[in-house]
Amino acid sequence: MTELLGAMRRERNGLVADTMRHYGTPCGLNYGVSLPTVRRIARMQTPDHDFARYLWLQEVRELRLAALHLAEPARVTPEEFAFWAAGLVDSELAAEAAFALLGHIPDFPQLFGAWLVADEPLLRYAALLAASRSERIDSAWIVPTVEAVHRAASDAERGVCDPYAARLVAQGAVALLAAAGGRNEENRQAVLRAVGSLGKLPAEDCVHEELAWRL
């Protein structure tokens, strides 16, 4: 970990770190290393799931991001879902987890079902983004995805969650619905029917507007 952290620190950029703003709770330390650089450094290491779990527990942005590339997807079982969920403290980590790790795990459909109804919007966001990149996109995910948007929009309207959090869920939903609808005409029609049930709350409008040109 010391060697990995040293490599990250050599690439640090304090000015960038000071301007980074992501939804959620920031990690304790942030060296401002760009995502492409973090990925490059992490990929120079041999994948090691136990080491990745250790890094995930550190309060350092770059180490947590690296952990997502060093973890072994096959070892992320349902018993580990809560462990990885606990570290998704901001939107950057949620997005990187979706693309680097979550979408590749064998039990992803089970994770998707569990996280899509989680109370934490960042888990819903991560699940939706991961699903949008999954080769196993299932048309059965369309309606629950739209329901997740409606729930987030309603929660924001009632002050239960931050409007920006609802917007993140909507963005994740757009990514998944566009990917599913782009598979074939049957899926496209299913997406359009499901989205037609959404109202006019801000997060719902976001989905309407995005899919209007994507599909």
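This is a predicted model: local features need pLDDT of at least 70, side-chain atom pairs count only at pLDDT 80 or more; totals for chains, interfaces and linings use all residues.
As background, nonpolar side chains in soluble globular proteins tend to be buried together.

The chain has 13 helices and zero strands. The C-alpha trace spans about 55 × 35 × 30 Å along its principal axes. Of the 215 residues, 51% are buried. If you take contacts between residues at least 6 apart in sequence, 73% of them join residues at least 24 apart.

Back to Phe 112. Leaving aside neighbours within four places in sequence, Phe 112 is in contact with Ala 127, Leu 128, Ala 131, Trp 141, Thr 145 and Leu 176. With a relative accessible area of 2%, Phe 112 falls under the 20% cut-off and therefore counts as buried.

Phe 112 also belongs to a ring pair. The count of aromatic pairs comes to five. One of them joins Phe 108 and Phe 112; this pair is tilted, with 6.0 Å centre to centre and 45° between the planes. Both residues lie in helix α8, residues 108-115, and because they are four residues apart there, about one helical turn separates them. Phe 108 is buried too, at 0% relative accessibility.

Elsewhere, ring pairs link Trp 56, Phe 83 and Trp 84 into a cluster. Arg 53 lies over the face of Phe 83, 3.9 Å from the ring centre. The charged end of Arg 64 is over the ring of Trp 56, at 6.0 Å from its centre.

Last item: is Glu 62 buried or exposed? Its relative accessibility is 0%, so Glu 62 counts as buried. Glu 62 lies in helix α5, residues 61-70. Its side chain makes a polar contact with the side chain of Arg 61, at 2.7 Å. Beyond its neighbours within four places in sequence, Glu 62 is in contact with Met 8, Leu 29, Asn 30, Tyr 31, Gly 32, Val 33 and Val 38.

Key
Residues are numbered from 1 along each chain as its sequence is written. Side-chain values use heavy atoms; hydrogens and water are left out. Helices (H or I, at least four residues) and strands (E, at least two) are DSSP runs, numbered from the N terminus. Buried means under 20% relative accessible area, exposed over 50%, partly exposed in between (1.4 Å probe, protein chains only). A polar contact is a pair of N or O atoms within 3.5 Å; within protein, one must be able to donate a hydrogen and the other to accept it, and residues adjacent in sequence count only if both atoms are side-chain atoms. Contact means heavy atoms within 4.5 Å. Rings of Phe, Tyr and Trp (its six-membered ring) pair if their centres lie within 6.5 Å; planes under 30 degrees apart count as stacked, over 60 as edge-to-face and the rest as tilted. A charge sits over a ring if NZ of Lys or CZ of Arg is within 6 Å of the ring centre and within 35 degrees of the ring normal.
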